[in-house]
Amino acid sequence: MMRPASLVGLAIALWLLVVLLLGSGYEQRLMALAAGYALMAIGYQLVFGQAGALSLAQGACFAIGAYTAGILGGRLGWPLWAELPAVVLVPAALAGLAHTPVRRLDGHFFALATLGFAVLVRLVAVDAQGLTGGANGLVGVPAFGRGPGAMLVGWSLVGLGAALALWLTRGGNGPALALVRGDADLARASGLDPERIRARGFVLAAGFAGAGGALQAHVLGLVSPDVAEFSVMVGCLAMVVIGGRGSVMGAVLGALLIGHLPEWLRPLGASYRVAYGLGLFACLLVAPAGLIGSLERFWPMRRAARPVAGQRAAPAVATLRIDGVEKSYGGIAVLRDVTLEVRPGEIVGLIGPNGSGKTTLVNLISGLDRPDRGTISLGERRLDRLSPDRIALAGVARSFQTPAPPDGMAPLDLVTAALAAKRGCAGFGAAAELEPLQGRAADLLQRAWSTDIARALALDPAVLLLDEPAAGLDAGERDRLGLLLRALAAEGRGLLVIEHDMGFLMGLVDRVAVLLDGRIALIGTPDAVRADPGVRAAYLGTVPC
Amino acid sequence: MPAELLTFAQLVLNGLALGAAYALVALGFVLVLNATGAVNFAQGDMVMLGGYAAVALARALPVPGLLLLPLVMAAMAGFGLLFSALAWRPFRHRPPIFGLLATVALGLALQEAMNALEGAGPQAGPALLGVGEIRLGPLGLSRASLGILLACLGLGLAQGWLLGRTQFGRRLRASAQDPVTARALGIPVDRLIAVSFMLAAALAGAVGLLLSGPYFVTPTSGTDLILRAYIAVAIGGWGSLRGAVVGALLIALFESVVAGYASSVAATAALYGAVLLLLMVRPSGLFPAPLGRRA
């Protein structure tokens, strides 16, 4: 059965055909202009819809594309074949340059930085007379003319762009991108690098926008500084929101609708733009997933993924060594000279009162934070200078104390995202096929106790860090979890388990490390730890066991 | 005083008055941000609406701007209530990006509505303390700027008192920090949020009146203001009241001084360049909110 996106694509193709064969020159020109917007919106889906970064620079990149076309194709008289790569590469390169210094920024700080870029582009457009013609803009850009030619060229480019965007986000990229935009920390712990993925999305989006802007310049035969106004950016946001966030076909649909809105609302006269604002608001209110997303809600569900057992090859085994690690926050020492080993096939328990530094230690091992002093290594490889995603891929995976899957993300997608990351998925471009990944993910979910442990197992780790895995489980569930953890150790994996449930922990582990006030007070077998009077007084004494 | 220094002091003084107005816009923005976590991109357009309200009231009632100020603020507070019902209530359980886009859409509709009603040309609002200039030794300060400074000082202090010293302020801060617990303690969180929208809109109305006199008002005059407020709040550390005020003053001083010595184009370019540099060095602003994730 056809998906809504394909049906909408078919309808759009029909609409284009009708305008191409029967439309007036004016209607065909409107369609050619809409193609430029469609390219911009398709690109915006990559950075905003897929990677989840609120970029406010897409309109500016559209303008850069238009001016590049105006300067190279118009003023310098470059032929089209030479100009085409330039209108894609110049905005992409400028976006890459602008993004490099601010790549660490998140959320609104990223939005602000991209807004700053957009304002600077607008200033150059309006005030750099020599380069951009200032308020007069650039005229004499070779025009494609009024006829069907411009429309054909424009929509061929849209077709190419849409195919490229679909290829860039296919297979395992889909779930990986969903995880990146849903929860950056969880993505890092799953072996994905949100910074790099957002950077790639930003640069790719700029290339698409540049092609769109150049198309507009060639359809109009001129470049006006209006192209750098912020309303272009607002229009782009409106296109992807109305069409459906993340969907390539949604972007095309949104661009067609927004592109034709002034025409359709012409009877309203000057107040048509009020209707535009209110219509956008109404769309957000009643169809937040956009037109494509709303259609998909009423479509039959996809077939459930069938579990496919992966080959249980022995994982690469290695010893995790924590050596002399210290960490303080604001002058307060949280960890002091912590030295600990987790050997292959061994389950080590980590206990200690609240605030003794257990979670901090796990955060340091998994790279969410860096130690002030000391080293952490897996086998021969130093981990304490690696980013969380590198650590996850190097073979140390963790679960979280209060795992909360990102909004609207199914457990299957979460585990699939980690599997894709393990197979080298980088968010955009080449990626493993989706169905085998999903089958493997379903298998892992069946085997593991929780979604979060399944996600960690998807990374096929040599060492697994579990932060209170038994919290909230009843006796039967704890038994099942214990069996799973022993089976994982039997495969040669090392396990470091933080747990408050002494009955569960003492029956499970080979050794216990006791953390008191940031120091390892004692490491030994469960019996030795139970018998130690200091530990009893400080910790176990408060728990009946 | 040497002439060089005098020019500089005059530029700083002008910048302070403008910065005070930016600070009030930013305070309204932060008020809603803290109460709901929502980004109100229409705060600038509310200033614009307040400006037109002042223009309309001044046409009907030829009295000094100072007397119109409470009227405009009350009318805008009513609008704030309506705005919260439209732009916040329906979106409170959705990802924050939807609320943000909703305020963009409503702001756009407001701009275009005023454009259709009043045209794109600038309109002059009432003066708060009359017109003319006051001499402060060798420096000059227009009555309009003095009015802005005094009104912003008064409103800023009033807001600080309201949030910091009253039971209402404590409840508001409690429900902003942890709405679930606040609700469990019997605090009417939804009503408090509606009130913070009303306060933010009233502040916007005040700024609208203050700026409509000396700087006029056009349908798009909110756009520049919201961009300044957004920068102020971001470099001030996303949610810090003190940071927003400091950020707004810094922006205005920077603009005033650079524009005074070079041009307003150079000022804008330098401002955004400086913001990019600042974000490179301090990715969470000047006064970052204490963040932490209990993994």
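Chain B of this predicted model has a mean pLDDT of 85, and 97% of its residues reach 70 or more. If pLDDT is new to you, it's the predictor's confidence in each residue, from 0 to 100. Because this is a predicted model, local features need pLDDT of at least 70 and side-chain atom pairs count only at pLDDT 80 or more, while totals for chains, interfaces and linings use all residues. Residues are numbered from 1 along each chain as its sequence is written, chains are lettered from A and ligands numbered from 1 in the order in which they are written, and side-chain values use heavy atoms, leaving out hydrogens and water.

**Confidence along chain B**

- Helices (H or I, at least four residues) and strands (E, at least two) are DSSP runs, numbered from the N terminus.
- Over residues 290-295 of chain B, pLDDT stays under 50. For that stretch the model has 13 contacts beyond four places in sequence, where a contact means heavy atoms within 4.5 Å.

**Chain A as a whole**

- Chain A has 23 helices and 12 strands, and its C-alpha atoms fill a box of roughly 90 × 50 × 40 Å, taken along the principal axes.
- Of the 545 residues in chain A, 55% count as buried. Buried means under 20% relative accessible area, exposed over 50%, and partly exposed in between (1.4 Å probe, protein chains only).
- Take the contacts in chain A with a separation of 6 or more: 76% of them come from residues 24 or more positions apart.
- On the charge side, chain A has 46 positive and 41 negative side chains. Lys and Arg count as positive and Asp and Glu as negative, with His and the chain ends not counted.

**A:D183, a loop residue**

- You'll find A:D183 in the loop between α8 (173-182) and α9 (184-189) of chain A.
- A:D183 counts as buried because its relative accessibility is 14%.
- A polar atom of the A:D183 side chain lies 3.1 Å from the backbone nitrogen of A:L186.

**A:I242, a helix residue**

- A:I242 sits in helix α11 (residues 230-243) of chain A, and with a relative accessible area of 13% it is buried.
- Leaving out residues up to four places away in sequence, A:I242 touches A:L257, A:I258, A:L280, A:C283, A:G290 and A:L291.
- A:I242 and A:L253 are 11 residues apart in sequence, and 8.4 Å apart in space, C-alpha to C-alpha.

Note on methods
Charge placed at Lys NZ, Arg CZ, Asp CG, Glu CD. Polar contact = N/O pair within 3.5 Å; in protein donor to acceptor, adjacent residues only side chain to side chain.
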